[in-house]
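Work through the exercises below with the sequence and the coordinates open beside you. Each task is followed by a solution that goes step by step.

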Amino acid sequence: MTTWLREETPHDVFRFLREGDEGRHQTARVTADGATWLASAAGGRGSALTRWEARPASPAALPCGTVFDVVNVDPVFGRRMLDKLWTEGPGSGPVAVHRGRTLLFAAPGTAQRLPALLDWEEWGEEVPRPLCHGLGDAVTVPPLAPSGSAGPRWLVAPDTRHPWLPGPEVVLWACVRAVRAASAADVRVSIFPPADPGANVYDVSRRR
């Protein structure tokens, strides 16, 4: 385990998080259990987590592929996906924003499987192609403590040691629903029939 996971650290990160958990729950705030889950992605002792322990208000780079994968999408499309996941689906796992992109944390294996599912899906060509980060990749995750800077931030922060993570089928479902919703919004419905291009048009504004 990393030094970041010790009960007592030089900067008491976990005590800080636990005290912040008491009496309030904020969707965009990491809890002590959520921090433990994030740290588990690094496995053994890592320099990134050592730096994070010393500077909890700084982002950190964590590997994908064992604890989570990340689906990296356009921010507008990502918001539509989240809307569908939370209003019509099972909800989402942790979600972050970084460099103008939305990062959806997904079950390990999603990064490998999702592109193939999109290729088979009828609506797949309409989906803005996501960047899928899996085994062998690493992502920058927001800081444990909110920093107020313009850097990465949590939309849905991890708050448990075993968060539910959507698999490739659920992410595909959200992609398709988001595309369909956008397509429906682009269709303008009128109660009037289309105009006849050959019809005579009279100016009645000056009629007496």
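The exercises that follow concern a predicted model, and they treat its cysteines, its nonpolar cores and its aromatic pairs in turn.

**Exercise 1.** Classify Cys 64 and Cys 175 as buried or exposed.

*Solution.* The class buried requires a relative accessible area under 20%. Cys 64 has a relative accessibility of 4% and is therefore buried. Cys 175, with a relative accessible area of 1%, is buried because its value also falls under that cut-off.

**Exercise 2.** Describe the largest nonpolar core, and trace the contacts of Val 171.

*Solution.* This core comprises 23 residues, and Val 71, Phe 77, Met 81, Leu 104 and Val 171 have the most contacts inside it. Among the elements that give two or more residues to it are β2 (69-73), α4 (75-87) and α6 (168-186), and α6 supplies the largest share, seven residues. Leaving aside residues up to four places away in sequence, Val 171 touches Val 71, Met 81, Ala 106, Thr 110, Leu 114 and Pro 166. A second, separate core has 22 residues, including Leu 103, Val 139, Val 141 and Leu 165.

**Exercise 3.** Count the aromatic pairs, and identify the cluster that ring pairs form.

*Solution.* The count is four aromatic pairs.

Terms used
Residues are numbered from 1 along each chain as its sequence is written. This is a predicted model: local features need pLDDT of at least 70, side-chain atom pairs count only at pLDDT 80 or more; totals for chains, interfaces and linings use all residues. Side-chain values use heavy atoms; hydrogens and water are left out. Rings of Phe, Tyr and Trp (its six-membered ring) pair if their centres lie within 6.5 Å; planes under 30 degrees apart count as stacked, over 60 as edge-to-face and the rest as tilted. Buried means under 20% relative accessible area, exposed over 50%, partly exposed in between (1.4 Å probe, protein chains only). A nonpolar core is a set of buried Ala, Val, Leu, Ile, Met, Phe, Trp, Tyr and Cys residues joined through side-chain atoms within 4.5 Å. Helices (H or I, at least four residues) and strands (E, at least two) are DSSP runs, numbered from the N terminus. Contact means heavy atoms within 4.5 Å.
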